[in-house]
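Subject: Structure handover

Hello,

Here is the structure for you to look through. Please open it next to this email and follow along.

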Amino acid sequence: MEREGSPTPPPPAKRPRDSSPTTIHSLTDDLLLRIFLCLPSLATLVRAALACRAWRRAVVSSPDFRRRFRELHPAPLLGLFFEAPSPVHDPALPAFPSFVPARRRERDLSVALRGGDFFLTCLQQHPSMAHSWEILDCRGGYVLLCNVDQTSAQAMAVVNPLARQCRLFDYGHVDTFEGCRGTPIGRNACLLCSEEEPASFRVVLLVHDESRVRATVFSSETCEWKIHPWVDVPERPRRSKSWLLNSNMQSNGFFYWVYKNYKYMVTLNMATMEFSAEELPQFLKNRCCSFSVGETNNGVRCIAYATDFTVGVMLRRTDGDGTEKWMLDRATPLDAQLDGVLRKQKRNYDELLVLAVRDGFVYLATSTKISDSANPSWFLSLCLETMKLENLFQRTYDGPARPYVMAWPRCLVTNNGCSPLDASMKCIKCLQRRKERI
């Protein structure tokens, strides 16, 4: 028993309550980015990262996160651009490439499409430019177009439909054809973009004469063309002045152009600006074989080809003699998949055409050897990792089709650099000075 008058023991001390409860805004950047990796697509990430400055800052400040996100979530295809049909009745009528969106159930992709300028109306804001445009390439969220109106000075435009921006500059340079042998011919221009520098781009234009090639490169940073020397290439066809096919094939900084006789392929290494030419693999020399150069899902250079309804993949490998060349990796018949994807309409078509290879996906179109307006082409995508087909849409195939893949917006990559408006005005002024010199 306690003695009378003894002090009463004090009650146990209470734990102090946390005056600042945990909220979503108190997440560390590391934990936040781990959560962002679980988002389904780039479109959803853009929407989430722009919810507040802190979240956007976390994405901008972490190149490792962006690299990891690209590995887990390939950039989504938004749709395909098609060449503008030639105006039959009145050549003065406007002619713009058309855009067909891919079937996508994800809400954020639909929102991105609705907010973009995929009708290219921004070109109409420059009344000095003609209203007939030909699409040359789609890369890095940009669309490269050329003014094809012969009554005015030729110009190029680079449009970012998602950002609703347009940049104009002159087509080539007056000295591009200097020193040529015979009649010089320019091939389709190509876009070169960087995922970590989305505000910058380069345009590569190839020119060839009777036996040589040269590259001219436009830089968005300087708004000037740089002309590189003429380079001799082997075995060019002797009976044709135009002996290279138009092409916008590229992969990891390498550009490719194929001889019209399908014997050789010219390669330009943009890192060294060196040309090389090598003989095409034997089965690619068949004009009935459709192929394109691109990259696998892990960024490895590859060639995807289609023969009838079989799609094959070739990779750069070293043979027993130590020579690096294109070698067959695998070939997969797609007859069974096509029967299911096309709802048993495969019998109405004769073959598959390879449109492009981007980030581990091959974009294909069904084709008939005899034109049949009753059977419009089906446009499909094939994942090179799983070899699974996906049906995109059905449309008449009347010319080149170029996939438009969503790119990382500049606001999630960098805080530096001039504004898009300043860059656009700079290009317009360069174009105006160019016209005055002419």
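First, a definition: two strands pair if DSSP finds at least two bridges between them. Keep in mind that this is a predicted model.

Start with a hairpin. Strand β8 covers residues 190-194, and strand β9 covers residues 197-208. They pair in the antiparallel sense over five bridges. Two residues make the link from β8 to β9. Find S194 and look across: E197 in β9 stands opposite.

Next, a sheet. In what order do the strands of the open sheet of three strands lie? The order is β2-β1-β25, and the pairing is antiparallel. Why is one side of β2 and of β25 left without a neighbour in the sheet? Both β2 (98-101) and β25 (401-405) stand at the edges with a single partner strand each, so one side of each has no neighbour there. From one strand to the next, the twist averages 30°.

Now zoom in on one pair of that sheet. Strand β1 spans residues 77-82. Four bridges join β1 to β2, and the two run antiparallel. Look for F81: its bridge partner in β2 is F99.

Strands of a sheet pair through backbone hydrogen bonds, either parallel or antiparallel. In a regular strand, side chains alternate between the two faces of the sheet.

Last, an annotation. UniProt lists residues 29-62 as "domain: F-box", in an unreviewed entry. Over residues 29-62, the chain in this model is 71% helix and 0% strand. The end C-alpha atoms of that stretch are 9 Å apart.

Best wishes

Key
Residues are numbered from 1 along each chain as its sequence is written. This is a predicted model: local features need pLDDT of at least 70, side-chain atom pairs count only at pLDDT 80 or more; totals for chains, interfaces and linings use all residues. Side-chain values use heavy atoms; hydrogens and water are left out. UniProt positions are given in the numbering used here, feature names are shortened, and annotations may be inferred rather than shown by experiment. Axes are lines fitted to C-alpha atoms, for helices over the stretch in contact, and angles run from 0 to 180 degrees between N-to-C directions.
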